[in-house]
Amino acid sequence: MSGNIQLLSDTLAGARNEGRAALIAYLPAGFPTVDGGIDAVKAVFDGGADVVEVGLPHSDPVLDGPVIQTADDIALKGGVRIADVMRTVREAYEATGKPVLVMTYWNPIDRYGIERFTAELAEAGGAGCILPDLPVQESDVWRQHADKHGLATVFVVAPSSRDDRLAKITSVGSGFVYAASLMGVTGTRQSVGAQAQDLVRRTRATTDLPVCVGLGVSDAAQAAEVAAFADGVIVGSAFVKLMLDAPDPGAGLAAVRGLAGELAEGVRKR
């Protein structure tokens, strides 16, 4: 079975044709439980997310701030495994027909086996992977397997990335480019900042791929701000924090569904 890179591309193109940015949500698998995490992904899709990134919990995350680290710890203590990540992707995709990616650091894939991981992700209906710590110059083998299975390879660029580096990254990526709005880790912030707009401008000069901005967006006003210059708005910590703060699972699902609805309105007010 081939993966759903085309569904991802069509979804992002569809948002652009509607004159808006896409809303991309992030939630870790296995949080607060495997079943609860699957329900949360469905809830943000119900609320209006166009794409969801399912995080593969990691004990030593490089890019993730304290909110997502806390959720990852809960998932890992609950015994989450890669099989549970694949199940999350499968059930979310089958329930919604919308693109689901996996966001993961490289070590778990390397230990699991590249061919095994890509084959299982494609079989589950996944659209691809975001790989924040895989160097482009060391990505050939991964990309060969991903291409064979119809999966996108999304690389992360940062404000510190020089123009020649941006060109190298975007020349081999697929699906979209993940533009980190600032230097640092994930988390909600008061302002996304001008760095993000400059990074999007410089990245677009090197590629026709959609450029989607993450790190810092937490409300509809910020989503509208980013949607004015980016092809997609990525939100993660704000969803996870709502679930961490919720008094019970049902309240958590209602909260993330509601935030997705607000953000979906925000990206339409660009």
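## Before we start

The structure is a predicted model, in which local features need pLDDT of at least 70, side-chain atom pairs count only at pLDDT 80 or more, and totals for chains, interfaces and linings use all residues. Residues are numbered from 1 along each chain as its sequence is written, and side-chain values use heavy atoms, with hydrogens and water left out.

Helices (H or I, at least four residues) and strands (E, at least two) are DSSP runs, numbered from the N terminus.

Let's begin with strand β3, residues 100-103. Val100 and Val102 point one way, Leu101 and Met103 point the other way, and all are buried (under 20% relative accessible area, with a 1.4 Å probe and protein chains only).

Strands pair if DSSP finds at least two bridges between them. Strand β2 (residues 51-55) runs parallel to β3, and four bridges join them; Val54 has Val102 as its bridge partner. β3 also pairs with strand β4 (residues 128-130) in the parallel sense, over three bridges, and here Leu101 stands opposite Gly128.

Now look at strand β8, residues 211-214. Val211 and Val213 lie on one side, Cys212 and Gly214 on the other, and all are buried, leaving both faces covered.

Cys212 takes part in both pairings: Tyr178 has Cys212 as its bridge partner in β8, and Cys212 has Gly232 as its partner in β9.

Two packed helices are described by the angle between their axes and the distance between the axes. Axes are lines fitted to C-alpha atoms, for helices over the stretch in contact, and angles run from 0 to 180 degrees between N-to-C directions.

The axes of α3 (residues 66-77) and α11 (residues 237-245) come within 9 Å and cross at roughly 55 degrees. That makes α3 oblique to α11 (angles under 35 degrees count as roughly parallel, over 145 as roughly antiparallel, 65 to 115 as roughly perpendicular and the rest as oblique). Val67, Ile68, Thr70, Ala71 and Ile74 in α3 meet Ser237, Val240, Lys241 and Leu244 in α11, where contact means heavy atoms within 4.5 Å.

## Helices α6 and α7

For α6 (residues 114-123) and α7 (residues 140-148), the axes come within 9 Å and cross at roughly 30 degrees. These two helices are therefore roughly parallel to each other. Ile114, Glu115, Phe117 and Thr118 in α6 meet Val141, Trp142, His145, Ala146 and Lys148 in α7.

How values were computed
Buried means under 20% relative accessible area, exposed over 50%, partly exposed in between (1.4 Å probe, protein chains only).
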